[in-house]
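Me: I am new to this protein. Please walk me through its structure in short questions and answers.

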Amino acid sequence: MTVHPVTIWGEPVLHRRAAEVTEFDGALRTLIADMHETNDAAHGVGLAAPQIGVGLRVFVYKFSNDDGVPPRGVVVNPRLTLSKISGAAPDPEEDEEGCLSFPGEGFPLRRADWARVEGFDGDGNPLEFVATGWFARVMQHEYDHLDGKLYVDRLADRYARKAKRAVRKHGWGVPGLTWMPGVDPDPFGHGDGDHDRHEHVHDVP
């Protein structure tokens with residue numbers, strides 16, 4: 001298994017729709033293993049293939065949940081059915097998200113409280129489950145990556161402006177930028193075994 005660099009906002013693969021997986025083979029299983037390894041090294045709770053530069057519809061997750069779903073898994077070619085998303089303003093504390101591909105930043109965003117997830121495991125077996133609460137947020141966040149969206153693309157205007165300022169401040173928005181989990185400083189300040197609220201939505205560290 002290999003830890004891969006994580007792509008940063010501005011890398012083209014992050015901003016286009018990923019392709020469907022058509023072969024459930026050894027190459028896919030290696031990709032999934034590497035994604036788990038990278039996600040662990042990054043102290044993330046989810047990682048989509050475009051975040052390591054691979055434009056395929058695959059994401060992994062690591063999240064203890066109350067929905068009876070294994071706390072570690074993969075979804076290939078996922079489909080999501082969502083409950084209605086509240087039109088209320090997001091809570092700056094309760095609804096803050098972050099992303100390994102927008103490292104070190106966090107902004108509030110409303111998400112659906114409930115998501116039905118359908119797709120396949122790494123061997124091509126169909127899977128289906130319902131995610132609620134923070135687990136549903138993780139599923140939506142990772143699924144968005146497969147459609148070329150980051151959570152900052154969904155922010156309300158005031159937070160979208162802050163995100164744009166962060167892009168300028170960090171010099172993002174150009175191809176070729178990455179950070180290396182386990183080598184570079186953790187952008188969200190997680191140490192080994194250090195799990196705080198933000199990890200629940202930072203890829204959602």
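Predicted model: local features only at pLDDT ≥ 70, side-chain atom pairs only at ≥ 80, totals over all residues.

Me: How many helices and strands does the protein chain have?

Reply: Helices (H or I, at least four residues) and strands (E, at least two) are DSSP runs, numbered from the N terminus. From that end, the elements run β-α-β-β-β-β-β-β-β-α-α-β. The secondary structure comes to 3 helices and 9 strands.

Me: What radius of gyration does the protein chain have?

Reply: The radius is taken over C-alpha atoms, and the globule rule is 2.2 Å times the number of residues to the power 0.38. The C-alpha atoms fill a box of roughly 40 × 35 × 35 Å along the principal axes. For 205 residues, a compact globule would have a radius of gyration near 17 Å; the value here agrees, at 16 Å.

Me: What percentage of the residues is buried?

Reply: Buried means under 20% relative accessible area, exposed over 50%, and partly exposed in between (1.4 Å probe, protein chains only). Of the 205 residues in the protein chain, the buried share is 48%.

Me: How far apart are the centres of the positive and negative side chains?

Reply: Lys and Arg count as positive and Asp and Glu as negative; His and the chain ends are not counted. Each charge is placed at NZ of Lys, CZ of Arg, CG of Asp or CD of Glu. There are 22 positive and 33 negative side chains, and the centres of the two sets are separated by 9 Å.

Me: Which residues form the covered face of strand 7?

Reply: Strand 7 covers residues 114–120. Its uncovered face holds Trp114, Arg116, Glu118 and Phe120. The covered face is Ala115, Val117 and Gly119.

Me: Which residue in strand 7 is the bridge partner of arginine 79?

Reply: Two strands pair if DSSP finds at least two bridges between them. Strand 4 (residues 72–82) runs antiparallel to strand 7, with 5 bridges joining them. In strand 7, the partner of arginine 79 is glutamate 118.

Me: Which residue in strand 8 stands opposite glycine 119?

Reply: Strand 7 and strand 8 (residues 126–132) are antiparallel and share 7 bridges. Their hairpin has 5 residues between the strands, where glycine 124 takes a positive phi near 90°. Opposite glycine 119 stands leucine 127.

Me: Which residue in strand 4 is the bridge partner of valine 60?

Reply: Strand 3 (residues 58–62) is largely enclosed, since 4 of its 5 residues are buried. It pairs antiparallel with strand 2 (residues 46–48) over 3 bridges. Strand 3 also pairs antiparallel with strand 4, over 5 bridges. There, valine 60 has as its partner valine 74.

Me: What is the phi of histidine 43?

Reply: Most residues other than glycine have a negative phi. Histidine 43 sits in the loop between helix 1 (26–41) and strand 2. It is buried, with a relative accessible area of 12%. Its phi is positive, although it is not a glycine: about 55°.

Me: Is asparagine 77 buried or exposed?

Reply: Asparagine 77 lies in strand 4. Its phi is positive, near 50°, in a residue other than glycine. At 10% relative accessibility, asparagine 77 counts as buried.

Me: What distance separates the C-alpha atoms of glycine 98 and phenylalanine 188?

Reply: Glycine 98 belongs to strand 5 (residues 96–99). Its relative accessibility is 0%, so it counts as buried. Phenylalanine 188 is 90 residues apart from it along the chain, and the C-alpha separation is 8.9 Å.

Definitions and conventions: Residues numbered from 1 in each chain as written. Heavy atoms only, no water.
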